[in-house]
Structures are given as structure tokens and as C-alpha cells.
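Please look over the model shown here before reading the briefing that follows.

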Amino acid sequence: MVYVSLLLVFLLSYFFYFIGKKRALNLTIQQKQTLTALPDYYGYYTVIIILIPAILIWFFLLIFKSNFQEIFVMSPLLFPDIEMWSASKTGLIMNKVTNLSHVVNLPEIDLSVGDKSILKMASESELIAAKNLAGFDKIYGWANITLFIILPVLLGFIATRMISTKLNAQPIVERVISYVIKGSSYIAILITFGIFFSLIFEAINFFRYVNFIDFFFNTSWNPNRAFVINATEGFDQEALKDAFGFVPLLTGTILIATVAMIVAIPLGLLTAIYLAEYASTRVRNIAKPIIEILAGIPTVVYGFFAALSLAPFIKDVGESVGLPVSAESALAAGLAMGVMIIPFVSSLSDDVIKAVPNSLRDGAYALGATKSETIKKVVLPAALAGIMGSFLLAISRAIGETMIVVMAASLRANLTFNPLEPATTITTQIVTSLIGDVEFDNPKTLVAFALGLTLFIMTLILNVAAILIVKKYREKYD
Amino acid sequence: MTDLSKRLAAEKRFKYIAMFAMCLSLFFVVILMLKIFTTGSGAFIRTTIEASVYFDPNTIEVTNESSIKAIKKTSYVNLADQIVKDNHPNLNDEKFILVREMYTRKFDFQLRDYIANDPNIIGKTILMDITASSDLDQIVKGNYPRDVPEAQRKINDYQLSVLDSLDADGKISSTFNLWFFTNGDSRDPETAGILGALMGSFYALLICFSFAFPVGLLASIYLEEFVRPGKLTDFIEVNINNLAAVPSIVYGLLGLGMLIGVFGMPYQVPLVGGLVLGFMTLPTIIIASRASLRSVPPSIREAALAVGATKTQTVFHHVIPLSLPGSLTGTIIGMAQALGETAPLLMVGMVAFVMDIPGGALDPATGLPSQIYLWSESAERGFLEKTSAGIMLLLGFLITMNTIAVIIRRKLEVKW
């Protein structure tokens, strides 16, 4: 219903575009007056006057619909003891009434056994509330549609009445357009602030339970210890102290990212060198898109591959040479992640290598250097800054990667630098702490935000450094 | 001259190392694809058992005069049991349970659809291909070995003998598994389908597109055409480039902390998932769209300005129509990335078990990649197949979207 009314608003505003334009044309043709703007602009003017208030009101009604419902249903007349209810009980009853409202008015023949039983189990006042709610929903839906027919038409008539030769619609329309596009580009900034504040507020809540220093310097990670002992004392402070130690997560993340970079940096860089310097145009045109397929494969696929094929394979190989390898070794997750990052490194490095001016290569050839000597001693040093930038972006990508490690790495924290042992990462722990019940008053949930904030800051530093390096490098050869 | 030959040998060595590195990267693509296609192809086939089905009016709780709604809501478990008993006469209780396990647990849904389709069938007898249970299916497909001790098999000796006798009667057959494309998720691999997840992803992408495309396009217009270079523009620029590299899980936390926590939006719905994906896609669209605006030559703008167009008219009437194919290409590529993103969906709760097919952006749903993740966590062999098949479907969509992007770029983009 609500989407129908939005559609109506758009259709009506489109219709009034022509009315506004027509009226402006009439002014010139029949009354021989000169307009101050093109007739189109009077049409746009009408549309703006209709759309802006109508859409604002539509959003308002959409957001507050559930509040209206609750006010309507949860009246003390039906539920006398409603003042004593907790928020969760109110929610529960509201859910029940909503479910009831779908079936309460159905004819007997359409009811299934299940419907009959929930109707039988409902109390008298719940049934009345459900009937009220069903009635309310019906009226609300129709009122909504009526409102969004009357409102645009009314606004449209006001707007067309306002059209006269004295009205210069063009600057008004252009100013609205400029506000809209300006607003759109500030959304990008808003998203950054949104990320930052949503992380920081919940992280502050987390640090109310757990000491800042305990979090960053403790070496044991065991979030299951964070449970309430009893209602009066709340959380066991001693247990909390040892429950959230960040160090093993950090070492695990670094370990897996290192394995990934050991795979991705040489392979990616050499691939880029081959494609940029050696390959014929034909080979390049075929190989480059195929390697870029690797970049387009969703990470959940790599995770599946790592957990299903790679980890057992590595375990078997390790055991055949007598090495004990865990089934969730850091090596398997790291290798899969490395393969994922190859095209990332190769395409960024490829761009950078191609940007090195040919005059430098020609100079080296003129001195008698071979191709590989030119690459190693001239091209790579010249491209070094850009290549470093691409490595930094790749590292940032590796530490922020989630699905591969969630599926292939371990859930148990383990302070180790041995890639054959299981290790866990920051992102894995964010996911595990949020799967299941999300309670914003429990450190077990809140820790996800503290970890997210740390991750965000780590990647922010790497990204900004990389962006600045690459930007500076570009300017050098532009 | 040994020095020169050494240098030439080094040259050759370097070239081969580089070539080897490239081939190794290509090799990974091939291995990955092969593995997925070999494990997943089985999901498109299901095993069925032919049985005669008598729609006994005494067992069915509805009549042919009941409304379709009532028929759909009634349980047919007793009818299903009755039919198994009719087809395998003289079973004691213990053996009946074993035989019943060979048919899918959701057999009653198949019956329900039959009756809802044609209520007059009540009282008649027909021959029907009933889907076999996942364990039987895996035996028939040869994914479970038959020649291991009974204790290590999911299908015991008695069930195997029943299977063989059914097979000898020609009652076992394999058909195309349409359910995979028409069902929602299920606890049983044989009835689990991808449609629910597909619709969830569809609604999420719809929201993502309707947020990110207009905002991204307008933002790029502002940044490229209207604003003068300065501190603020530099800040926005670094900010957008950084947003493009922020880990996707952080966007998920934004969705959870802000959209769900502060604005009180519902958990596990495509609306929130789509908005989060939209936030993620926005920088990609802005960057692509700015590049395509930049490629429109200044002469176009100057010509429009010279004949008296305002700045807004120049941009909206002349520059944008020329740059739109480039923006669209960037948008489709961004949407393809968004389709494959799993982590943000995990954060906003789109990983729960959802049987119903979502009918809108406000119904609980999973997405395609999060469904793949869910299935990959299940232990049964039947779900392994589904996971790979889901991946094949996802990759199919990604390839289609990228191909469309390439076609738009080739056909519509103007080269200057």
C-alpha cells in the first residue's frame, strides 16, 4: 500500500509537469505575454513543489507507522495492567496481535488448523485488539492512498496558480537542482561519519565493561566467559579481564595476511611485469580478463574452496611428510586469500608500470641493458612508489577480508606464528560475536564494534597512505 | 663474452619466471572453476521413486469444496504415510520407518501442491514420481559408497535391498530438479531451493540501485562539473577513495549500529541489506561516473555555453547524455560486486533459516551469497552439492552482469 502511494505521487507530479508547462504556454500564446523562462521550467517548478513536501510526509508516515499502530492497539482500556509491562513484553504482545490481525477477519472456510489454534489460544482482549489493528491497517492503507492523491493535486493546483509572467522559474529550479546534487556528494562524507560514530559509540559502551588496557594488551581471548553471574553484581569483573584480549586476534590476522601477501605479491607483481613488458597484445587481451575473473569471484566462493579442498589437501600433504597440520590451519586460509588478492596486485601494478614513460626504457636500452635489466634497474625503481601503494591497498584488503577466514580459519584464539596451527582473525571474531542473539547491552555483542573500530582505523591508515602515495606518484609522470 | 651469455641467460630466466607466475595465476582460475562445476552439477538432478498415490478422502482433512487457502494450510502427513504403506505392503512398524526415510520428509508438500492444483483429484488414484530422500539420492548418484560396512552408511542394508528391488522394477528414475529453482530453503537437502535467497538478493539489489545510482550520479556531477578545486573537494575525494577500500564488514557494522540500532529498522530484511550494499557501491559508482564525465571533451560544454545555455542546462542536456553509458557500466559492475558480498549481509542478520519466499523488501530473507554460506556450514553431502550449485548460479549472474556492462561500453560509449 505505501509503495502504491509513492508511485501515485510520482505519477501525479509527472502529470502536473504537463499542466504547469501548458499553463505557461497559454500565458504566452493566448494572452500574448512574454515569459521570463522556458516553458519547461514551469513544468519542473510544479514538480518540485509537489515532490518535496509529499516525499517528506511519505517518509515520516513510513517511519512512524509502527508507533501509530502501537498507540492504537496498546491502550489501557484493553490491557489494564499495561503500565507495568516491560518493553519486551509489549513487543511480544504486539507481535502476537499483529499475527492475529492477519487471520481474525477471515471466513471460517479459509482457516487452517494452525490458524484456528492461535485464535483459540488468544485472550478476549487480544482478539479485540487484533480486530482493531486489522481495521486500523485497512483504514490506514486507504487514508494513505487518499492523502497522496489529494496532497499532490492540491500542491499542483497551488503551483499552477502561482505561475505567471512575473515568476522566473529557471533560477528557482536551478537552485533546487544545485542543492540536490550538493546534498548527494555530502552523503559520501555522511557515510564516513556514520561508520565512525556508529563504531565509536558502541565501542565506548564496550569499554565501560572492559578496561581499555586489558583489551589491547591481554593475550587471552575467551568471550564466552562474559556472562552475568547474578542480577545484582552484573558481570564478573575478573572473568571479563581475561575474556577480551586483543593480542591473539591481531597476531592471527597478521599471520594470515602475511601468508596471503607471500603468495600474492610475487605472483601478482611478476604477472603484471609479464603482461606489461613481455606479453604480446594477443596474450595480454586474453590473459588479463581471465586473471581479473579471480577478482570478481565472491569471497564466499574462495572460503568454500579453502575449507573444502585446500585445507584437507594441506593436512594430507603435511601428514605424509610427518608434520602435524591443523584442519583449520592459517596456511589454508592465507593461501586462498593470496589467490584472491593476485589480480588486485597485478592490475594495480600493471597500471603503474604502464605509466612509466618509455623514454626511461629507451635510455636503458641505448646503454645496452637487456630487457630484464631495464625492468629491474629502471622501470621498477621508477614505479616503486606506485607499486608500494598497491601493496598497501592489498594488505588493507587482506586484513579486512571476512568470508575466507570465517569459513576456513579457526574460531579459537591461538597466540602463534606457526602457519600450520589454527589461528583466528579480527573479522572472524566480529562475525562470531554477532551471529545469534544481538544484545546491545552485552560486552559479547559490543566487542564487535570495538574490533570493527580497530579494523577501520588500521585500514584507514593503510588506505590513506596508499592513496596519497599513488596520487603523488601520478603527478610525477603526468 | 661469458659475461654477455650470463646476462642473456638471466634475461631468459627472468622472462620464464614471469611467464610461470602468470600461468600459475591462470591455473588457479581453472582449478577453482573445475572443482565447483564437478561438485555442483549433481544438484540439478534429483532421484524420484514411482508410486501409485490414492488420494483417500477419509485421510484427507479437506474436501474438494474447501477453499484453496484452507487446502494449502492443511497438513497431509497422514496421507503421505498412508501412501508409503500402500506401496510397500506388509511392513512392520520398524521397517515402515526405514522405508518412510527413503522418501523425502516433505512428501506431504508435494501432495498438497497436487491437491491445491486440482481439488477434484481427491478420491482418485494416480501414478506419481515421489522425490527420494537426500541420502538415497546420494547413493543413487554414487556420491556415497555402497561397499562400506553398514555402520558407516546412512542407508542400511534393508533400505539398500528395498532400493534394489525398486530399481529392478524400474521405479527409480532421475529428473531435472526444478525444486532447486522454485523452493525456499529447507532443512532437508532434497527440497531445499534457492528461490528465496534469489528474491532476497533481488530486493536488496533493487534498494541498492535505487539508492546508489541516483546519489552516485548526482554526486559525481557536483564533484566534476560544479565545484571549484579546494580543501573541501580534496577531502571529499580522499574520503571517497577511502570508502572504496573500507572492508565490507565495517559497512555491515554501520548497518547494524546505525540503521538497526539507532533508526530502529527491522533485522534480517533486504531493505537494510540493500541500503548497506548501496553505501558500499556508492564510491564505485562515483569514481566510474566521474571518469566518464571527465572523458566528455570541454568543447561540448563550451559550445553549449556559447549559445547561451546555463551551467545546469549544459550539464543536464549535453554532458550527462554523453557520459551516461560510462556511469551505467560502472553501476552494473558495482552492483555485481554488491551481489557477491556476504559479510554485510551476515551483520544485518540476512543469514537466518528462512523457508518462505520473501514478497518484498520488508520480509525476512537471506541473500544468494549468504545462502551459500549457510549451506556450506551444513554437514550433509546433499547440501555440499547445493552449495556448489548456488555458487554456479551466483557466478552465472556475475558473468551476465559483467557481460552486459561490456556490451554497454562497446555499443553506447562515445570515443572522442
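With which side chain does the side chain of B:His88 make a polar contact? The partner is the side chain of B:Tyr103, at 2.8 Å, where a polar contact is a pair of N or O atoms within 3.5 Å, within protein one able to donate a hydrogen and the other to accept it, with residues adjacent in sequence counted only if both atoms are side-chain atoms. This is a predicted model, in which local features need pLDDT of at least 70 and side-chain atom pairs count only at pLDDT 80 or more, while totals for chains, interfaces and linings use all residues. Residues are numbered from 1 along each chain as its sequence is written, chains are lettered from A and ligands numbered from 1 in the order in which they are written, and side-chain values use heavy atoms, leaving out hydrogens and water.

- B:His88 counts as buried because its relative accessibility is 13%, buried meaning under 20% relative accessible area, exposed over 50% and partly exposed in between (1.4 Å probe, protein chains only).
- Leaving aside neighbours within four places in sequence, B:His88 is in contact (heavy atoms within 4.5 Å) with B:Val99, B:Tyr103, B:Val162 and B:Leu166.

**Interface of chain A and chain B**
- In contact across the interface are 86 residues of chain A and 83 residues of chain B.
- The rule finds one salt bridge across this interface, a salt bridge being a side-chain nitrogen of Lys or Arg within 4 Å of a carboxyl oxygen of Asp or Glu.
- The side chains of B:Arg7 and A:Glu373 meet in a salt bridge at 2.8 Å, N to O.
- Between chain A and chain B, 14 residue pairs are in polar contact, both residues at pLDDT 80 or more.
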